[in-house]
Amino acid sequence: MANLWRGVLHEYADRLDVTEKTPIITLGEGGTPLIEAPALSKRTGARVWVKFEGMNPTGSFKDRGMTMAISKAVEAGAKAVICASTGNTSASAAAYAAHAGITAAVLVPEGKIAMGKLSQAVVHDGSLIQIQGNFDDCLDIARELAEHYPVHLVNSVNNDRIEGQKTAAFEIVDVLGDAPDFHYIPVGNAGNYTAYTRGYTEALGHGDSTTLPRMFGFSAAGSAPIVTGQVVKNPETIASAIRIGNPASWELALAAREATNGYFGAIEDAKILEAQKILAAEVGIFVEPASAISVAGLLERADAGQVPAGSRIVLTVTGHGLKDPQWALRAADGSDITPTVVKAETTEVASVLGLAKAGA
Ligand code: F0G
């Protein structure tokens, strides 16, 4: 059992506010693969790696922040936590609360979260409430409840979440031996953008790396308040995880962009789906649409001539494709993809596959 990964609170205890009084609530999160992507390097002229956060216990990067937030909540005596969510935070909160033996209440926008995520909150016994509104409405209510009732807020406005999430940057520096030149990441509330910036900054201060990556964050075009500089009242995108019109970490994200000479961009839904397909078909990684925006952003910047040749680039893909598989079964023209049906006969299958018999 040598070298078994023990979860981010154990692995990075020296970089987090964890003491002997902290009950460590872990499902073994973190330690996710950093996968080199020759197909994306070839398309862009850079050297590209993908940090596959779908490999976390509940299938998204949220687990890094949730192990910290739930551990600190239990340390503080909390018996119940609450969050607003587009699906992944609620899945993670419900799972970690279940492990800790406390209650999780989760508020989600009605009819707007992926089926896989909804099923996670239910199976982990979260108190799931669908709100007739969008994510921003859910977050307003969660904050008010946490202020006036005995429930502990575990959205990324809770700094413990950002602290846990910064460990992904530590892992990247550990694996590459230095920070990359650029880091590409999806943006919803901009909590993760903020967390990576903090992680890379601390790694630099600690002498583990020699450079601070330029942080490039991408939102869906119908839901890109940081790009337009305006709250979006009715955000729309097929990338339901990042359908957010008023990001909680807006100010922190602007400061992070400033500090890293970063960039925020917006991507059309069609390009997000195209990138999801490219990543799956050419690299072998299946991610949900919100995560594919990192890839779409890279391809867009490369088209714009903004990707320096040979630069080292890490893309975070935040959630697993199996959480929201419906988009993968759609062709680019919007029609359904139905696999061919053939009689149970070898010659017929060979003929449909276009195979000629060996030696024939
Ligand atoms: N990618 C995925 C798969 C997400 O679920 C989220 C956020 C993001 C990216 C954006 O991260 O908010 O830190 O900028 N999901 C939240 C949730 C809002 O409720 O699951 P961010």
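## An exposed loop residue

At 66% relative accessibility, Asp 125 counts as exposed (exposed means over 50% relative accessible area, buried under 20%, and partly exposed in between, with a 1.4 Å probe and protein chains only). Asp 125 sits in the loop between helix H5 (115-123) and strand E5. Helices (H or I, at least four residues) and strands (E, at least two) are DSSP runs, numbered from the N terminus. Although Asp 125 is not a glycine, its phi is positive, at about 70°.

## Basis of the model

This is a predicted model, in which local features need pLDDT of at least 70 and side-chain atom pairs count only at pLDDT 80 or more, while totals for chains, interfaces and linings use all residues. Residues are numbered from 1 along each chain as its sequence is written, and side-chain values use heavy atoms, with hydrogens and water left out.

## The ligand and its surroundings

The ligand takes up the space of the largest cavity. A cavity is a set of points, on a 1 Å grid over the protein atoms alone, where a 1.4 Å probe fits but cannot get out. Around the ligand are 20 residues, of which Ser 85, Thr 86, Asn 189, Ala 190 and Thr 318 come nearest (a residue is near if one of its heavy atoms lies within 4 Å). Helix H4 (88-100) and helix H9 (191-205) each supply at least two residues of this shell.

Polar contacts are pairs of N or O atoms within 3.5 Å. A polar side-chain atom of Ser 85 lies 2.7 Å from an oxygen atom of the ligand. From the backbone, a polar atom of Thr 89 is 2.8 Å from a ligand oxygen atom, and an N or O atom of Gly 191 lies 3.1 Å from a ligand oxygen atom. Taken alone, the ligand exposes 470 Å², and the protein buries 99% of that; these areas come from the Shrake-Rupley method with a 1.4 Å probe.

## Two buried loop residues

Ala 190 is placed in the loop between strand E7 (182-186) and helix H9. Ala 190 counts as buried, at 3% relative accessibility. Its phi is positive, at about 70°, although Ala 190 is not a glycine.

Asn 134 is found in the loop between strand E5 (127-131) and helix H6 (135-148). Asn 134 is buried as well, with a relative accessible area of 12%. Its side chain reaches the backbone oxygen of Lys 233 at 3.3 Å. Leaving aside neighbours within four places in sequence, Asn 134 is in contact (heavy atoms within 4.5 Å) with Pro 109, Lys 233, Pro 235 and Arg 243.

Definitions and conventions
A polar contact is a pair of N or O atoms within 3.5 Å; within protein, one must be able to donate a hydrogen and the other to accept it, and residues adjacent in sequence count only if both atoms are side-chain atoms. On a 1 Å grid over the protein atoms alone, a cavity is a set of points where a 1.4 Å probe fits but cannot get out, and a pocket is an open set with protein on both sides within 12 Å along at least five of seven lines; lining residues have an atom within 4 Å of a point. A molecule sits in a cavity or pocket if more than half of its atoms lie within 2 Å of its grid points.
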